[in-house]
Amino acid sequence: MLFESRPDFYVTSSLYIPKGIDKPAPAILYCSGHSALGYRSPVYQHVIINLVKKGFIVFAFDPVGQGERIQYYDPNTGQSRMGGPTREHSYPSVQLLLAGTNLVNYMVWDGIRALDYLATRPEVDINRIGVTGRSGGGTQAAYLGAVDDRVKAAAIENYLTSFARLYESKGPQDAEQNLTHGILKGIDHADLLIARLPKASLLIATTNDFFSIQGARETFEQVSTLAKLYPFAQDKLFMVEDDAGHASTRKNREALYAFFQSQLELPGPVTDLEITVPAAAELRVCASGQVSTSTPSENLFSLNKKHASTIQPTFPKHPLSLPDVSFIKELVGFNQPLDTVNNVFTGRVARKGYVIEKYFTYSSGGYLIPYLYFKPELPNGKALIYVHPEGKESMALPGSELERMVQSGYAVFCPDLIGIGEMGPGSYKGDAYIDGVSYNMCFMGLQINKTVVGLRSSDIVALRQVITRAFLFDDIYAISVDELASPLLHAALFDEAIKGVLTIGDFATYSTLVNTEYYDSRHAFSLVPNVLLYYDLPILTRAIAPRKYAHLDGKGAGPAILAKIKGFSAK
């Protein structure tokens, strides 16, 4: 069946009703994990049908981006253009977050509306409602159990651990598993169970899961200690574990059946039955197999685009709608670099008309900022900071546009900002690695209010301080290429010692990203959550006035770049 969780935003689902029901029965909402098939996955069907055979009504639905709700469906291939559920979740999340919402909001609301539907069915005893799911379905089950009081019993499988243990092992997961500023506000996995007390919860784990078993045990112990202080909660928290990887096991399934039988008052045998699983085609809801090609409907992109069009950006505490710099620093998670300069020289390369000196300094976060100093033989007393997404080494090739600047007398400083070149992510990619960009790195920062924009802008300001104090330059200008426009403009806003800014190439505003269905993944690192509630990048180009700003569309335009910089520095 189809139901609308929002106007024209359809959820595909199936209601399983045991034969012979003659009075309202307990019902379980089944949340699917990261399967392209959604709830039609044989692993999930096995549990669903076992529950039905034990007398439970089960309502299963497709999460957004899965099953018949693929958001980036390609009719020619019958697959997602993104390549799978985690990418279907994470790719649109950048756009959602820019406009002040997130995927958690959409997925949890789908579940709440599914519970609303169950409440309308005469076969359902609304006082005996359970929710369960495994992996990504465990995430949804944990959220729903925490926020909807109708959930009497929640069984959460292969998900609950702790963020500390998760980051020590697998790292941050895809979009819906990360709350905006969640860790900063003290929210951990344990809190999703604490919010349920004194209602019943079952934590289902496996010892070799990538969701750390140590974290699962510690979380269970933490919540158990607190549950002892709650009246009637002492016998409502349970845990079962088995030796396996990220998988369903017979032992854990039978513990799940027993938990629901006890907590939803439907006793019976707990034996895990062998099941003939229906083919996915038998469970098809839409004629074409996809909402997007079966009925006129909204998707995440279209809903968010409409939402963004209603936003009227405002700057708190500023009557003229000009940037409140301290507020923007807080929004992007900017840390002011230390006043002291620790500059380390590591070597020199001689070139015709100039030398390249190699250095590193330290960021406000304590990590290194390696950089190259292109030192002209005949200096004109002016310095340029040049930030490039391919890193400093790409700028050191003989014959580059940068070389022309140095030979014209400009001292040029090229850093590797965090995430670039020598400061790149190493081997870490995460489960949402799209076109060479690790979205998971954005989501880690999302949890603690540390954006890549904030970190990179702080790196630029730290380098500017080094240029002033260690190399004694006063006339300092800055150039960015493509997606590095965002951190450079923020750095110029935060640091008035940068006297002019030139952005080159693909300068995508936040509004452009929200209004472009298939945006360039390189701009994911430009993410600042909630930013469009307050400002967009063009206002930063005006806010640095009376300092100069210019933009060039093309790359490789050495003479044009040089002309702009000469115009900036003209007396």
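Two strands count as paired here if DSSP finds at least two bridges between them. Helices (H or I, at least four residues) and strands (E, at least two) are DSSP runs, numbered from the N terminus. The model shown in these views is predicted, with pLDDT of at least 70 needed for local features and 80 or more for side-chain atom pairs, while totals for chains, interfaces and linings use all residues. Residues are numbered from 1 along each chain as its sequence is written, and side-chain values use heavy atoms, leaving out hydrogens and water.

**View 1. An open sheet of eight strands with the order 1-2-4-3-7-8-9-10.** Its pairing is mixed. Strand 1 and strand 10 (237-242) stand at the edges with a single partner strand each, so one side of each has no neighbour in the sheet. From one strand to the next, the twist averages 25° (axes are lines fitted to C-alpha atoms, for helices over the stretch in contact, with angles from 0 to 180 degrees between N-to-C directions). Look inside the sheet for strand 7 (residues 124-134) and strand 8 (residues 153-157), which pair in the parallel sense over five bridges.

**View 2. Helix 10 (residues 300-309) and its packing partners.** The buried residues of this helix are L300, F301, S302, L303, N304 and A308; buried means under 20% relative accessible area, exposed over 50%, and partly exposed in between (1.4 Å probe, protein chains only). They pack against strand 1 (2-6), strand 2 (9-16), helix 2 (85-98), helix 3 (103-120) and helix 16, where contact means heavy atoms within 4.5 Å. At the N-terminal end, N299 caps helix 10, with a side-chain oxygen 3.1 Å from the backbone nitrogen of F301.

**View 3. A second open sheet, of eight strands in the order 11-12-13-15-14-18-19-20.** Here, too, the pairing is mixed. The edges are strand 11 (344-351) and strand 20 (548-552), each with a single partner strand, so one side of each is left without a neighbour in the sheet. Neighbouring strands are turned by 20° against each other on average, direction ignored. Strand 14 (residues 382-387) pairs with strand 18 (residues 475-481) in the parallel sense over six bridges, and V387 stands opposite S480 in strand 18. Helix 15 (residues 485-494) lies across strand 18, strand 19 (498-504) and strand 20, running at about 165° to strand 19.

**View 4. Aromatic pairs, of which the whole structure holds 27.** Rings of Phe, Tyr and Trp (its six-membered ring) pair if their centres lie within 6.5 Å; planes under 30 degrees apart count as stacked, over 60 as edge-to-face and the rest as tilted. F327 and Y534 form an edge-to-face pair, 4.6 Å centre to centre with 70° between the planes. This pair links distant parts of the chain, 207 residues apart: F327 sits in helix 11 (residues 325-332), and Y534 in the loop between helix 16 (510-514) and helix 17 (537-543). F327 is buried, with a relative accessible area of 19%. Y477 and F568 make a tilted pair, 6.3 Å centre to centre and 35° between the planes. Y477 belongs to strand 18 and F568 to helix 18 (residues 558-569), 91 residues apart, and both residues are buried.

Note on methods:
Polar contact = N/O pair within 3.5 Å; in protein donor to acceptor, adjacent residues only side chain to side chain.
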